[in-house]
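Q: Could you take me through this structure? Please give the cut-offs as you go.

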Amino acid sequence: MDFSIKAFDTKSTLGTAKSGCIAVAVFENKKLSPAAKSLDSKGAISAALKSGDISGKPGSTLLLRAVDGVAAERVLLVGMGSDDAVSEKSFTTGVQAALKAFGSLGAADAIIALPLTEVKERDVNWAIRCVVQAAHDSEYRCDSQKSKKDPAPAGVRKIVLAAPATSATRGALAQAIAIANGSDLTRNLGDLPANIANPTYLANTAKQLAKDYKFEVEVLDRKQLEALKMGSFLSVTNGSEQPPKFIVLKHMGGKAKDAPVVLVGKGITFDTGGISIKAGPGMDEMKYDMCGAASVLGTFRAIGEMNLKLNVIGVIAACENMPSGRATKPGDIITSMNGLTIEVLNTDAEGRLVLCDALTYAERFKPAAVVDIATLTGACVVALGHHNSGLFTRSDAAHDQLANELLAAGKQSSDTAWRMPIEEAYNEQLKSNFADLANIGTPGGGSVTAAAFLENFTKKYTWAHLDIAGTAWKSGGSKGATGRPVPLLTTFLINRV
């Protein structure tokens, strides 16, 4: 879908604009938005609202054809709730309803003249991003493996946003398109089955991104990982026939002397639990255990399209966690890259075992900050549900600043996170009689003890951990990857420029 921005004078030019459709807002108290009023010179819109044909409730719609005095072929009335202050939820619901209606029209183009500048506590740039993301969501298909594809998107293919045409809004539109494209890549990777999206597939995706956007890329194989003494990462790969891949992407868009931001993604392309095997029901969803890695790749897709003026490095530890005669067993003791020994009490707590070596590897870049992203714990879903990603950092000035940046980016992008604690008391739960650490804690605070485990490998830089187990995908009838937290991560990076 193509997007552009154009400023209309609602007192004159909107009504004369030639288009397949114009979407305007109406409200529950029978009031019209300024854009709707400008198209109502003959009273057709106000009459439709007064008749009760549309309630004005958020998401309600009514299509009018050949409205007298309007050059556009159709006018779509979209309910936006109260006119006192359009809420974020009402606006989002209305936009989604408008785009759904556009999909069934016999028109190729449309103008969205909804109240982009009047959303409570949001600016026009947020509204632009909301429209673009909703359009991508409405078009997204996960049918690449079907013999018969879902019907191709029909209806409107070109959208003009009625908003001030400034350098700021044009920049916001370009960013919104890049973020949506990055989110789409993350969703595609997550939705692919594990027999296709294996570690080699992720490595090849990174190589293609490097080719498309002139990134630097390096893919380390088992022998190189053995030379680096990544015993913790490699312990997870022992039971699999798929070779592990350690992927490093570099977007050096800033000054040469500037320290990079490093994004570290968990890339378990399928997680059986290993010897501590998972229950059968729902195990198919463990193809989503690489969504941390997919979000790093999606974020790189976005910043590459924007050519972001910032140094960013992506590190992805990709492998499968499978049971076999070679697999790591509960009770085994392994040695991580930084020399700490780990007693593996549960082979299904494997994400932290691949991440800890990747976090140690990140030291070599002398980073300004490191953020790891992982579908790490079911306990985070218990704590936060599917609304917020879990955010964990140490508590000091530098880490508080990083946490605040990530939380603000989440709010700005509607891809929210919630800060959780890390305290020394949680490390007490990770003590082992036989090794420096156990890979799981004693009962209670499972998401926090997992973060506390990772914290042991991040002492040399400023670090944050995002647990996206509850936000990276949906289950049930709407099963599929969400593309989160690409909007949060990309906005965080944009704000750092």
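Q: Is Leu454 buried or exposed?
A: Leu454 is buried, with a relative accessible area of 0%. Buried means under 20% relative accessible area, exposed over 50%, and partly exposed in between, with a 1.4 Å probe and protein chains only.

Q: What kind of model is this, and how are residues numbered?
A: This is a predicted model, in which local features need pLDDT of at least 70, side-chain atom pairs count only at pLDDT 80 or more, and totals for chains, interfaces and linings use all residues. Residues are numbered from 1 along each chain as its sequence is written, and side-chain values use heavy atoms, with hydrogens and water left out.

Q: Where is Leu454 placed?
A: Leu454 is in helix α15, residues 446-455. Helices (H or I, at least four residues) and strands (E, at least two) are DSSP runs, numbered from the N terminus.

Q: Which residues does Leu454 touch, beyond those up to four places away in sequence?
A: Leu454 touches Arg352, Leu355, Cys356, Leu359, Asp372, Leu376, Trp463 and His465. Contact means heavy atoms within 4.5 Å.

Q: Moving to Thr377, where is that?
A: Thr377 is in the loop between β13 (369-374) and α12 (378-384). Thr377 is buried, at a relative accessible area of 7%.

Q: What does its side chain reach or join?
A: The side chain of Thr377 reaches the backbone nitrogen of Cys380 at 3.2 Å. A polar contact of 2.7 Å joins the side chains of Thr377 and Asp467. A polar contact is a pair of N or O atoms within 3.5 Å; within protein, one must be able to donate a hydrogen and the other to accept it, and residues adjacent in sequence count only if both atoms are side-chain atoms.

Q: Which residues are in contact with Thr377, leaving aside neighbours within four places in sequence?
A: Thr377 is in contact with Arg352, Gly446, Ser447, Ala450, Asp467 and Ala469. Arg352 is also among the residues that Leu454 touches.

Q: And Lys266: buried or exposed?
A: Lys266 is buried, with a relative accessible area of 2%. Lys266 is found in strand β9, residues 261-271.

Q: Which side chain is joined to that of Lys266 by a polar contact?
A: That of Glu350, at 3.4 Å from the side chain of Lys266. The C-alpha atoms of Lys266 and Ala469 are separated by 11 Å, although these residues are 203 apart along the chain.

Q: What about the other lysines, Lys229 and Lys366: buried or exposed?
A: Lys229 is exposed, with a relative accessible area of 63%. Lys366 counts as exposed at 67% relative accessibility.

Q: What are their phi values?
A: Lys229 has a positive phi of about 60° although it is not a glycine. Lys366 is not a glycine either, and has a positive phi of about 45°.

Q: Where do they lie?
A: Lys229 lies in the loop between α8 (222-227) and α9 (231-237). Lys366 is in the loop between α11 (351-361) and β13.

Q: Which residues does a cis peptide bond join?
A: Arg484 and Pro485, with omega of about 5°. Pro485 lies in the loop between β19 (480-481) and α16 (486-496).

Q: Which residues are in contact with Ser413, apart from neighbours within four places in sequence?
A: Ser413 is in contact with Pro487, Leu488 and Thr491. Ser413 is in helix α13, residues 397-413, and its side chain reaches the backbone oxygen of Ala409 at 2.7 Å. At 16% relative accessibility, Ser413 counts as buried.

Q: What are the overall dimensions?
A: The C-alpha trace spans about 85 × 50 × 45 Å along its principal axes.
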